[in-house]
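Me: I'm new to this one, and I'd like to know what the labels rest on. Can we go through them together?

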Amino acid sequence: MRLSPYAECAEAVDSNPEALGLYMAKALNKFKLLYLHVIEPRMVQLTDNLLSMRRAFEGTFIAAGGYNRDEGNKAVAANYADLVAFGRLFLANPDLPKRFELNAPLNKYNRSTFYIPDPVVGYTDYPFLKLA
């Protein structure tokens, strides 16, 4: 499903993605799901792309899509989402909540190490924050 004209890498495209997304969010309510996790294109956060879905879904609404600390806080404060997921940032910063709390610098992630079979490189070799 393509929720934005900016999503150039979408695997599927719909002629009316907003209507489809709204229909799906409403339809999922009958299953009493605890949460709905949606991912939007990283370049269009805090637009109305997902707002109708968020309002229609009765459970916890989790948004993802390249948010940083401030954007995530704004999304929750604006009731755009109940929670914000931080995938890439968490991979590179195993202590991400502490870094957010302290407004500490973040490690940069290395995309070339995502989803490789090496059990050490990429998932366990990022440094933790050193506190004095």
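Reply: Let's begin with K98 and E101, which form a salt bridge whose closest N and O atoms are 3.6 Å apart. Keep in mind that this is a predicted model, where local features need pLDDT of at least 70 and side-chain atom pairs count only at pLDDT 80 or more, while totals for chains, interfaces and linings use all residues. Residues are numbered from 1 along each chain as its sequence is written, and side-chain values use heavy atoms, with hydrogens and water left out.

Me: Why is the contact between K98 and E101 called a salt bridge?

Reply: The term asks for a side-chain nitrogen of Lys or Arg within 4 Å of a carboxyl oxygen of Asp or Glu. K98 and E101 have their closest N and O atoms 3.6 Å apart, so the pair passes. A search of the whole structure finds four salt bridges. Another joins R99 to D95, with 2.6 Å between the closest N and O atoms, and one more joins D70 to R69 at 3.6 Å.

Me: What separates K98 and E101 along helix α5?

Reply: About one helical turn, because they are three residues apart in α5. In general, an α-helix has 3.6 residues a turn, so residues three or four places apart point the same way.

Me: How do you know whether K98 is buried, partly exposed or exposed?

Reply: Buried means under 20% relative accessible area, exposed means over 50%, and partly exposed is in between (1.4 Å probe, protein chains only). K98 has 36%, so K98 is partly exposed. E101 has 56%, so E101 is exposed. By contrast, R99 and D95 are both buried.

Me: What makes up the secondary structure of the chain?

Reply: Five helices and three strands, running α-β-α-β-α-β-α-α from the N terminus on. The elements are DSSP runs numbered from the N terminus: helices are H or I with at least four residues, strands are E with at least two.

Me: What makes a set of residues a nonpolar core?

Reply: The members are buried Ala, Val, Leu, Ile, Met, Phe, Trp, Tyr and Cys residues, joined through side-chain atoms within 4.5 Å. The largest one here has 19 residues, and L36, M53, F61, Y67 and F86 touch the most other members. The elements giving two or more residues to this core are β1 (35-39), α2 (51-56), β2 (60-64) and α5 (96-102). Of these, α2 gives the most, with three residues. As a general note, nonpolar side chains tend to be buried together in soluble globular proteins.

Me: Why is the pair of F86 and F100 called edge-to-face?

Reply: Rings of Phe, Tyr and Trp (its six-membered ring) pair if their centres lie within 6.5 Å; planes under 30 degrees apart count as stacked, over 60 as edge-to-face and the rest as tilted. F86 and F100 are 5.1 Å centre to centre with 80° between the planes, so they count as an edge-to-face pair. F86 lies in the loop between β3 (83-84) and α4 (87-92) and F100 in helix α5, so the pair ties together parts that are 14 residues apart in sequence. F86 counts as buried at 16% relative accessibility, and F100 does too at 15%.

Me: What about the rings of F114 and Y115?

Reply: Their centres are 6.3 Å apart and their planes are at 75°, so this pair is edge-to-face as well. F114 is buried, at 12%, whereas Y115 is exposed, at 72%. Ring pairs link Y109, F114 and Y115 into a cluster. Y115 also has a positive phi of about 60°, although it is not a glycine.

Me: How do you know that N110 and T113 make a polar contact?

Reply: That label needs a pair of N or O atoms within 3.5 Å; within protein, one must be able to donate a hydrogen and the other to accept it, and residues adjacent in sequence count only if both atoms are side-chain atoms. The backbone oxygen of N110 lies 2.8 Å from a polar atom of the T113 side chain, so the distance falls inside the limit. T113 sits in the segment after α5 and is buried, at 9%.
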